[in-house]
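Reader: Hello! Could you walk me through this structure with some questions and answers?

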Amino acid sequence: MISSLYAAERGAGPKTVVFLHGFGGCHDDWHEVISILALGSRTLAYDLPGHGLSLDFPGGGPAKAAARAVLADLAARRIRRVHLVGHSMGGAAAVLMALAEPERLASLTLLAPGGFGTEINGPLLRRYAAAAGKSELRACLVAMSGPQSLPSERIVDVLGEMRARPGQLQKLVEIAAVMTKGDRQGVIPRERLETLTMPVMVVWGTDDAVLPFTQADGLPAHFHLHHVLEAGHMLVEEAPGLIAEIVRRNMKRRARPLRPKSAAANRSLPAKD
């Protein structure tokens with residue numbers, strides 16, 4: 001569709017599920033989750049700008065740019081309504097999409113999303129950004145996973161191949177530097193989250209070493225929250241069956257009634273990088 005923005009499409013059905021990976025990942029992160037959900041649904045897994053086959057997308061990097069790019073691509077594909085799933089940086093982009101065009105989202109599932117608190121493990125993410133060899137990649141993934149989880153060799157191979165592309169490591173290092181400046185991340189105002197009316201599910205591992213699960217404290221009352229015990233930040237790889245079931249469950253929920261004061265909410269993308 002849009003030049004250099006890549007999405008892997010699988011399955012068929014009346015519902016479309018869109019997946020946005022986390023920083024340093026790619027569309028293939030969702031392989032196991034999609035293998036479960038593709039039966040009866042159309043799925044689109046994006047390579048976010050600056051990652052994988054979307055490496056050369058103009059302005060690739062911040063969550064705000066990713067949100068705009070994916071919304072534009074969905075419009076180009078004439079997809080009016082989707083169930084949106086985002087992990088980490090992809091979770092931040094998913095929230096920004098929901099705030100910008102809420103009518104396009106049937107449900108929103110967020111896995112350890114970025115932008116819910118200032119704290120972020122900058123040193124680990126910058127190390128992950130610069131990881132070139134498989135041994136270093138594996139070590140970073142272990143550090144980002146829960147104590148009972150080991151990264152699969154498949155994902156190590158996938159990420160290793162992605163980082164072997166010319167310019168990929170440099171781009172990841174650049175994105176990480178912006179994303180973790182001062183070892184703090186930008187925050188999406190909680191009052192903006194209150195305006196969301198689609199079903200929202202937030203999933204967080206209790207052993208997340210990148211974004212602490214306490215960032216889910218104080219979320220709007222209508223958000224559903226699921227803590228995954230002893231899971232780390234890499235929920236997509238650590239618990240694919242559970243994540244698929246949570247997404248499927250959230251897809252069946254109904255939107256809450258729109259409050260009058262929220263009807264005219266500003267739909268421009270908030271300043272979140």
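Reader: Which hand does the crossing of α4 and α5 have?
Author: Helices here are DSSP runs (H or I, at least four residues; strands are E, at least two), numbered from the N terminus. A crossing counts as left-handed if the near helix is turned anticlockwise from the far one by less than a right angle, and as right-handed if clockwise. By that rule, the crossing of α4 and α5 is left-handed.

Reader: Before we go on, what kind of model is this?
Author: Residues are numbered from 1 along each chain as its sequence is written, and side-chain values use heavy atoms, with hydrogens and water left out. Local features need pLDDT of at least 70, side-chain atom pairs count only at pLDDT 80 or more, and totals for chains, interfaces and linings use all residues, since the model is predicted.

Reader: How are the axes of α4 and α5 oriented to each other?
Author: Axes are lines fitted to C-alpha atoms, for helices over the stretch in contact, and angles run from 0 to 180 degrees between N-to-C directions. Helix α4 (residues 122-130) and helix α5 (residues 134-144) pack with their axes 9 Å apart, at an angle of about 150 degrees. Angles under 35 degrees count as roughly parallel, over 145 as roughly antiparallel, 65 to 115 as roughly perpendicular and the rest as oblique. The two helices, α4 and α5, are therefore roughly antiparallel.

Reader: And which word describes α2 relative to α3?
Author: Helix α2 (residues 63-76) packs on helix α3 (residues 89-100) with the axes 8 Å apart and an angle of about 60 degrees. That angle makes α2, relative to α3, oblique.

Reader: How many nonpolar residues does the contact of α2 with α3 have?
Author: Contact means heavy atoms within 4.5 Å. Among the residues that meet are Ala63, Lys64 and Val70 in α2, and Met89 and Leu96 in α3. Ala, Val, Leu, Ile, Met, Phe, Trp, Tyr, Cys and Pro count as nonpolar, Asp, Glu, Lys and Arg as charged, and the others, Gly among them, as polar. The contact of α2 with α3 has one charged residue, no polar ones, and a nonpolar count of 12.

Reader: Is histidine 87 buried or exposed?
Author: Histidine 87 sits in strand β4 (residues 82-87). Buried means under 20% relative accessible area, exposed over 50%, and partly exposed in between (1.4 Å probe, protein chains only). With 4% relative accessibility, histidine 87 counts as buried.

Reader: How many salt bridges are there?
Author: A salt bridge is a side-chain nitrogen of Lys or Arg within 4 Å of a carboxyl oxygen of Asp or Glu. One of them joins arginine 104 and glutamate 101, at 2.9 Å from N to O. By this rule, the count comes to 11.

Reader: Which helix holds arginine 126, the partner of aspartate 183?
Author: Aspartate 183 and arginine 126 form a salt bridge, their closest N and O atoms being 3.0 Å apart. This pair links distant parts of the chain, 57 residues apart: aspartate 183 is in the loop between α7 (168-179) and α8 (190-193), while arginine 126 is in helix α4.

Reader: Where do glutamate 245 and arginine 248 lie?
Author: These two, glutamate 245 and arginine 248, form a salt bridge with closest N and O atoms 3.3 Å apart. Glutamate 245 and arginine 248 are three residues apart, about one turn of the helix, and both lie in α10 (residues 240-251).
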